[in-house]
Amino acid sequence: MQARAFRRPAAALLAVAFAVLPATGAQAADSARTSGTGGSGSTTSHPSDPLVWGKLLYEEGCASCHGLQGQGIAPSPAIKDSGAAAVDFEVSTGRMPLGTIANQALRRAHSLYTAEETQAMAQYVATLGNGPAIPTQQVQGWENADMALGGQVFRTNCAQCHSFSGQGGALTWGKQAPNLMKATPTQIYEAMLVGPNNMPKFSDQTLPPAEKRAVIKYIEFLRQPDNPGGLDLGRLGPVSEGLFGWFGGFGILVAIAIWIGVKAK
Amino acid sequence: MTPTTPLGRTAVALDERFAGAKGMRKLLNKVFPDHWSFMLGEIALYSFIVLLLSGVYLTLWFKPSMTEVVYNGSYMPLHGVRMSEAYASTLNISFDVRGGLLMRQIHHWAALFFVSSISVHMLRVFFTGAFRKPRELNWIIGVILLILAVVEGFAGYSLPDDLLSGTGLRIAQAIMLASPLFGTWMAFFVFGGEFPGLDFIPRLYTVHVLLIPLIFLGLIGAHVGMVFYQKHTQYPGPGRTNKNVVGYPLLPVYIAKAGGFFFAVFGVIATLGALVTINPVWLFGPYVPNQVSAGSQPDWYMGFLDGAVRIMPNWEVHLWSHTLSLNLVVPAMLMPTALIGLVVAYPWLEAWATGRTGEHHLLDRPRNVPTRTALGAAFLSFYLLLFIASGDDIISTTFHLAFNDITFLFRVLIFVVPVLVFWVTKRIALSLQRRDIDRLMHGNETGNVLRLPHGEFIEVHAPVNERDRARILSNPAIEPLPMPPATDAAGVRTPNYRAKRLQAKVSHFFYGDRIPMPSAEEIAAAQAHLDAGHHGHDELTH
Amino acid sequence: MTQDHPAIDPSRPQAAEVAHEWRAADLDPVAERRAERQVAGLFGAATLLILASVLIYGFTDYNATVGVPLLGDVNVINVFMGLTFGLGVFCIGAGAIHWAKKLMPDVEVVEDRHPLTSDEEARAAFAETFAAGVADSGILKRGILRRSLLGAMALFPLPLIVLLRDLGPAPTHGQLNHTIWRAGTRLVTDVTYLPIKAADVPVGGLVNAVPENLPQVEEQDGTLNARAKSVIIVVRLNERDIIAQQGGTPSAPWDYQGILAYSKVCTHVGCPISLYEQRTHHLLCPCHQSTFDLADAGKVVFGPAARNMPQLPITVDAEGYLIARSDFQQPVGPSFWERA
């Protein structure tokens, strides 16, 4: 038995490496941030000028992939014209700095940066080129937007990838359109504006701010546990209904049939 | 001797009008074998009754019209949105008719269970051989009922005119368009012109609430009537033969059990309708042909068709300025037609291969008919693979796989897996038969180890009980038909030689691999041996 | 009580000759009364639950909601009326089944099964009567009657089939091959119908668009037919990323400065698709996963679709708004038999 276990040491090593690598990669990025030892150590005592602070944070956390001028170091994309909105979206959702090795940046449970740090970096990146600013103004007042319009715009422009319920969906070759239930109003607006990753851009001219706010309002509605008919089964449509029907409902009916067929004691 | 009790008087009154005393008495005494797997068809029947009841409620408020209206009901997220009257009235049922949503959910859950129970019932009938003579006609009625149930379910899914159902109709229309020769005409006739038009939902409504339910009533009546008339099949067991029925009388046991089961099924469906959302059409939105949702799926029973369409390569033939869409014709037309044809023809195919003509009232244990069981399992694996393929996008997001890879994989699996399943199932069935014979001849292992005076350890074997013995002995161990001689002794060519040779070959495919049952003498000898206190395999083989 | 329990009428089918195991309720009066109480309890619970469901209906506002753990904010009538009703009905069933299992006779009885075939004599007589009846009618002998009757009968359903003709119009060339796009039709955004300036579409951008006259056409027509064919998606690529287009000349290309317009109707089974990956330039159909490369003339790169996504030739008008240069040059949507 011993001999068999060690017959392919190379394979075993590979398996271990694969199991550990992505995790360590993510941990390296995460711990570099939390311990504050990753760069110059300047993050612990931040300068009063946000641009200077942002530059320091950028050089510490982003420049190794995106270049000191945001020009991008292949395969990482250039971000000098991404604007503050893109930086705020990517960093506040925890997609950047890149964590796990995957075919797309994935949302982290928590961003690695505080809101102020993110702001500082966003402001700094904005100075590198031309890109949209953080749409703080435009998001204002989404609570009063037209939800019915939002639903229509959502189903026309968003549902094809994120599904009717905002639960996300499959893209080609294992990529995914993410679940929208954790996105904040600002992040939703930013995503439409800058088109992160493979998402297309929806400019403010072709999808005016009022319609974007309406979409935010509709997504906020989808986030409510508003289930008049009871358990929503993940709002995945007929697939989860069918699974529940077979293993839940029909299973109970068959169990009753078995009960009827068993002789009483 | 006039009966004096009220019940007795009722019986007399009935007889005085219909002269049915003899027949009705026979009916009350009619015996039904008891087994849980015989209740699967009842689930279908009771789901159907629930469907009729809840469906009538829905018709009171549903408006089958595609005319556009502006919604102003109480569901705020769609306020002021243009939609068809069908969708608006579905919202109305869901939000402004008290308990309307409950009825909708009961109706939809019942529909899922209706198709599920028919399918599982049919599998039971197949694997136990209940379709054999004299019940082949009822098998075909069952197949028709299943097809109708799927069509009826799809019609019901389509009627609310929500985004999901409209997408489904669009696909159905495209499949019509793809039909060679007359497809375009068919699509134009069915939809009253181009898609989506204004005619389809009113037409579908008539089909859904009148035409198909009427056919259902007739066929279900015939189906159940035949079961009554031909008497139910039964599993082998002590005292159960091909010439009797062992079970409980209609009155009181069967009435109480079956009647109680109706209420239990209704109760479970109503509870699900209360607690679990199904088909939340308000979230899908109204159908407009420029919107679609990720994860657009049909209800489960259409899944196998959808899966076949998904994994089909994109073959299209262009000839003489005409288009033949093999990417739809093959998976959505030829494949289901072939499957149905196979299922319908199966009872005759098997009877032909068996070469026997008698009546079969005693069910087979699936292991005792290895080839049939293996064919059924292979069929099931084929169906399940297509079904799983229809969820490739959901699998992709749930398990972080690429649906592209899943699709390529399924294009291979769909041919490989059924063959493997056939082979493995057949081997398992044959092994189970061997074990059965082993238990019959050598008894059950008891786990009690005995040390003999000369020091040998043996395990005590106990004879199998009466029930198992009867079940094991029920193995028909059918032999394949012999190859016909090409010519008889006089050198005259055997009439229909080719057909007979083919029959023998098919018979060999079905029954060539068999475990012969021991003869009566061998069994008796083994029994005597066991009774005499000898135990275990070893002594017997010495 | 217990001794005579399977008090089966001797004229009824006889008990099976199998050793019978008596139930607790057959032997023990205490167990019997317990079973009786259980059944009565189930029926009593059913009564209360069904009454409760009616009360809930009567005393609840139709849109009252309440938060329930796991289920979310639910409609009170749906969940609680349904639950009490469902459980009540279930209790009726469970009571009846429990009654049958515990208290009704559980000795299996045997009924003889008679062959479904009649005896030889009856069968022969039946066959004879049948043959004689057919012979008496003369249908076998009088060929001319038989054939003329068959001819008439064969034609009898014809009028009924002909009457179906007006189910729909005959498909026409125009309907199958054309949409409401014309040269000069402006592209407007879907839902709110805003005209689109070329500069408004950023590289990597996507606009779901329709022809500007769609609202008027729908107003007149009253159907969604025009919409079902004319919806498009507008995307902008870096011009150097465009590998190929379906038509146009260097002086009059089908794109406008990298802005490409494609039909939104999948060429497989007609699902509307705008699932656009801006980095790969791939367009994915959520129905059956057909994937098209918009940078390469809308070519199929994956899935069951066989045809390119049709491209709409576009340019800008004097005011800088995107307009169509013509209708689509090929039929949009799924294939059909008459399509070349």
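User: Why are β8(C) and β13(C) called paired strands?

Analyst: In this predicted model, 2 antiparallel bridges join β8 (residues 259–263) of chain C to β13(C). Pairing needs at least two bridges, so these strands count as a pair. One facing couple is Tyr262(C) and Gln311(C), the latter in β13(C).

User: What makes β5(C) and β13(C) edge strands?

Analyst: Start with the sheet. In chain C, five strands line up as β5-β6-β7-β8-β13, an open sheet with antiparallel pairing. β5 (187–189) and β13 (311–312) each have a single partner strand, so one side of each is left without a neighbour in the sheet.

User: What holds the strands of a sheet to one another?

Analyst: Backbone hydrogen bonds pair the strands, in a parallel or an antiparallel way.

User: How do you know that β4(B) pairs with a strand of another chain?

Analyst: Count the bridges. There are 4 between β4 (residues 244–249) of chain B and β4(C), and the two strands run antiparallel. The cut-off is at least two, so this is a pair across two chains. Val245(B) faces Glu111(C), and Asn244(B) has Asp112(C) as its bridge partner.

User: Which strand of chain B also pairs with β4(B)?

Analyst: That is β1 (residues 31–32) of chain B, joined to β4(B) by 2 bridges and running antiparallel. Here Phe32(B) has Tyr248(B) as its bridge partner.

User: Which residues of helix α8(B) are buried?

Analyst: In α8 (residues 183–191) of chain B they are Gly183(B), Thr184(B), Ala187(B), Phe188(B), Phe189(B) and Phe191(B). These buried residues pack against α7 (163–178) and α9 (200–230) of chain B, and also against α7 of chain C. Just after the helix, Gly192(B) has a positive phi of about 65 degrees.

User: Why is the link between Glu194(B) and Lys229(C) called a salt bridge?

Analyst: Check the distance. The closest N and O atoms are 2.6 Å apart. The rule asks for a Lys or Arg side-chain nitrogen within 4 Å of an Asp or Glu carboxyl oxygen, so this pair qualifies. The rule finds 3 salt bridges across the interface of chain C and chain B.

User: How many residue pairs are in polar contact across that interface of chain C and chain B?

Analyst: There are 33, with both residues at pLDDT 80 or more. On the side of chain C that touches chain B, α3 (76–102), β4 (109–112), α7 (173–177), α9 (225–230) and β12 (299–302) each supply at least two residues. α3(C) gives the most, with 16 residues. By class, this side of chain C holds 48 nonpolar, 17 polar and 16 charged residues.

User: What tells you that chain C and chain B bury area between them?

Analyst: Buried area is the accessible area lost when two parts are put together. For chain C and chain B the loss is about 8000 Å², 62% of it on carbon and sulfur atoms. Glu111(C), Arg113(C) and Trp337(C) supply 12% of the area that chain C buries here, more than any other three residues. In residues, 81 of chain C are in contact with 102 of chain B.

User: How do you know that chain A touches chain B?

Analyst: Contact means heavy atoms within 4.5 Å. By that test, 48 residues of chain A are in contact with 64 residues of chain B. The two chains bury about 4500 Å², and carbon and sulfur atoms give 71% of it.

User: What are chain A and chain B built from?

Analyst: Chain A has 12 helices and 2 strands. Chain B has 20 helices and 8 strands. Of the 265 residues of chain A, 49% count as buried. For the 542 residues of chain B, the share is 55%.

Notes:
Residues numbered from 1 in each chain as written. Chains lettered and ligands numbered in written order. Predicted model: local features only at pLDDT ≥ 70, side-chain atom pairs only at ≥ 80, totals over all residues. Heavy atoms only, no water. Buried area = accessible area lost by both parts, 1.4 Å probe. Polar contact = N/O pair within 3.5 Å; in protein donor to acceptor, adjacent residues only side chain to side chain. Nonpolar A, V, L, I, M, F, W, Y, C, P; charged D, E, K, R; others polar. Buried < 20%, exposed > 50% of the residue type's maximum accessible area, 1.4 Å probe, protein only.
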